[in-house]
Amino acid sequence: MESAWASTWRFIRRHHKIIMAALWLVLPPLTWRALHSFAHYVDTLDWDCGGGSCATNDGLGGAMPFAIVGGIAASIVGGFAFGAIAPAITLGGLGVSFLLGLRAAVADGYTPEHTIGVPKGFSIALVVIGGLFLLGAIAGWKGKLDRRRARAAG
């Protein structure tokens with residue numbers, strides 16, 4: 001008789017691409033929403049600063065670490081499932097959602113316009129990194145297409 005753990009691991013090994021694809025379909029939207037919410041409401045949180053660091057008891061304070069770890073995990077999982085296009089979409093989406101959160105915070109009066117220069121640069125950097133992954137994905141697809149054409153011709 002096979003143990004429950006053995007059958008679970010056998011299932012995971014057999015269907016790992018499907019599991020990774022499903023995880024990638026769930027993780028990026030969650031991380032995008034967390035980062036957007038953090039950027040939008042960060043100045044409304046009650047921060048306790050002292051001793052060289054700041055902290056908050058609000059659950060939204062954990063949205064940025066969740067978005068960073070979730071974005072990295074989504075990029076890795078999506079990379080295994082879909083190739084270089086998944087990190088491109090994940091990182092580009094993180095940059096766009098952070099920028100939209102900042103703009104919403106300014107529009108709602110939570111954050112002054114002159115204070116979002118560095119965070120705006122961070123979001124632009126994420127979009128650029130996502131664009132580089134996209135260029136890598138396109139180059140990979142082109143290489144595969146060229147190899148298929150060469151095989152078919154010769």
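Lys142 and Asp146 sit four residues apart in helix α5 (residues 117-153), so about one helical turn separates them. Helices here are DSSP runs of H or I with at least four residues, strands are runs of E with at least two, and both are numbered from the N terminus. The two residues form a salt bridge, with their closest N and O atoms 2.9 Å apart. Side chains of opposite charge can pair when their charged atoms come close. Asp146 is partly exposed, at 34% relative accessible area; buried means under 20%, exposed means over 50%, and partly exposed is in between (1.4 Å probe, protein chains only).

A word on what you're looking at: this is a predicted model, where local features need pLDDT of at least 70, side-chain atom pairs count only at pLDDT 80 or more, and totals for chains, interfaces and linings use all residues. Residues are numbered from 1 along each chain as its sequence is written, and side-chain values use heavy atoms, with hydrogens and water left out.

Now hop over to the strands. β1 (residues 47-50) and β2 (residues 53-56) pair in the antiparallel sense over four bridges, where pairing takes at least two DSSP bridges between the strands. Together they make a hairpin with two residues between them, and Gly51 in the turn has a positive phi of about 70°. Asp48 has Ala55 in β2 as its bridge partner. There's also a disulfide here, joining Cys49 to Cys54 with S to S at 1.9 Å; the cut-off is a pair of cysteine sulfur atoms within 2.5 Å. The link is right-handed, with 115° about the S-S bond.

What about the inside? The largest nonpolar core has 13 residues, and Leu35, Met64, Leu94, Phe98 and Leu102 touch the most other members. Helices α2 (16-41), α3 (63-82) and α4 each give two or more residues to this core. Such a core is a set of buried Ala, Val, Leu, Ile, Met, Phe, Trp, Tyr and Cys residues joined through side-chain atoms within 4.5 Å.

Finally, take Thr90, in helix α4 (residues 85-107). Thr90 counts as buried because its relative accessibility is 0%. Its side chain reaches the backbone oxygen of Ala86 at 2.9 Å. Beyond its neighbours within four places in sequence, Thr90 is in contact (heavy atoms within 4.5 Å) with Trp24, Pro28, Trp32, Gly71, Ala74 and Ser75.

Note on methods: Polar contact = N/O pair within 3.5 Å; in protein donor to acceptor, adjacent residues only side chain to side chain. Salt bridge = Lys/Arg side-chain N within 4 Å of Asp/Glu carboxyl O.
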